[in-house]
Amino acid sequence: FGATTLVPLLTGFSVPVALFSAGLGTLIFHLLTKQKVPIFLGSSFAFIPAIILVAQLTGDLRYAQGGVVVAGLLYVLFSYIVKMVGIDKISKVFVPHIVGTMIFIIGVTLIPTALDMSSAHWGIAGLVFFTALIIQGLLKGFIKQLSIIIAIGLGYIVTSITLGVDFSPIQQAPWILIPSFTFPKFDWSSITIIAPIVLAVFMEHIGDITANQTIVKQNFLKDPGLHRTLLGDGIATMMAGFIGGPANTTYSENTGVLALTKNYNPAILRLAAVFAIIVSFIGKIAAFFTTIPVFVLGGISLILFGMIAMIGLKTLIKDKIWYDANKLISVAVMLFVGLNTNLQLTEAISLSSMTVAAIVGIAMNTIVTQITKKTTRGD
């Protein structure tokens, strides 16, 4: 819940629409995966920097929606390719050190945004930051799963006591509210900024499904099949873009909840999806989120964005890149490009640094692999 609502708060999307699209997206996912995979779909963090960039360039979030729709369409295309080619061959392109670097770049490029948000009140932002850090590091079980909500709640309470919070939006909001659905707009520039992010979340999806099936002790990559889980994720993301929500993704938190509760019944996740849809129509809840101070969100964002970067770094460490010069060179070039370069192809079309880094990384890995093979054969 905390992560699903935080993404629209950071990007400008509607919280009720994000909850609605998460719930409906989850139901779509279960329908397309034969109701076998215990997964909940929520707002994706990977798209945040691209969505913010498009909003700044166009001044209209509906162009970001258009990019999300096309991203979902690419997911659907990937599902078809995986079905035709097979997961083994696909995995050779999206190797761990490329994916890990892409995830690391996403986290690092988001941190300045969190710092800017926190600068409005460093004291309370720091309180939120360290509260979440302590809960994550020292506590266990269900309380640990609620670290985001507890930290934001504490920051909200302290703010209301020390600085004051304007509660009038909550008082004026109706109990029943129709979410503010909006239709997307499309232009090439926004599409080329947002859509290629699927290169990063594609392997994240595989990782989530793999971790999920490890806990449940079932092979979801074969039954119902990776092509079906990708299709479910893609259609759910397209739906979110069409109605005004952020891109959906299979949640890593989902695996933690399964491991904690030992309850692997997919019907429970569908119940959670229905609950999310119901909550999206409660106006008082939507109004409450608009009253959360930006520095409170900044404090929790420092944790979340830092964790994204660390997940990428963990992937690189696990892949033992330090012992492979070719991998180190690829990672170094990707970091240089990903942290410094936005490529303007035409007046209307540009590629974000994240996209350029992904293209460069995949190209370098493909070239190095072919050279290595030829050298090994003695060509």
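Which residues form a nonpolar patch on the surface, and about how much accessible area do they have together?

Mentor: Bear in mind that this is a predicted model, with residues numbered from 1 along each chain as its sequence is written. Local features need pLDDT of at least 70 and side-chain atom pairs 80 or more, while totals for chains, interfaces and linings use all residues, and side-chain values use heavy atoms, without hydrogens or water.

Now, your patch: it is made up of F130, L133, I134, L138, L139, I143 and I150, and together they have about 640 Å² of accessible area (Shrake-Rupley, 1.4 Å probe, with only the protein chains shown as cover). To join, a nonpolar side chain needs over 30% relative accessible area, no salt bridge (Lys or Arg nitrogen within 4 Å of an Asp or Glu carboxyl oxygen) and a neighbour within 5 Å. Helix α7, residues 122–138, gives the largest share, four residues. I150 sits in helix α9, residues 147–162 (helices are DSSP H or I runs of at least four residues). I150 counts as partly exposed because its relative accessibility is 32%; buried means under 20%, exposed over 50%.

I300 touches L6, V128, A132, I148, A151 and I152, leaving out residues up to four places away in sequence (contact: heavy atoms within 4.5 Å). In the largest nonpolar core, which has 72 residues, I300 is among those touching the most other members, along with F45, F47, I194, F202 and F305. Such a core joins buried Ala, Val, Leu, Ile, Met, Phe, Trp, Tyr and Cys through side-chain atoms within 4.5 Å. Apart from that core lies another, of nine residues, including V37, I39, L41 and A236.

Key
Buried means under 20% relative accessible area, exposed over 50%, partly exposed in between (1.4 Å probe, protein chains only). Patches are made of residues with over 30% relative accessible area and no salt bridge: like charges are joined within 9 Å, nonpolar side chains (Val, Leu, Ile, Met, Phe, Trp, Tyr) within 5 Å. Helices (H or I, at least four residues) and strands (E, at least two) are DSSP runs, numbered from the N terminus.
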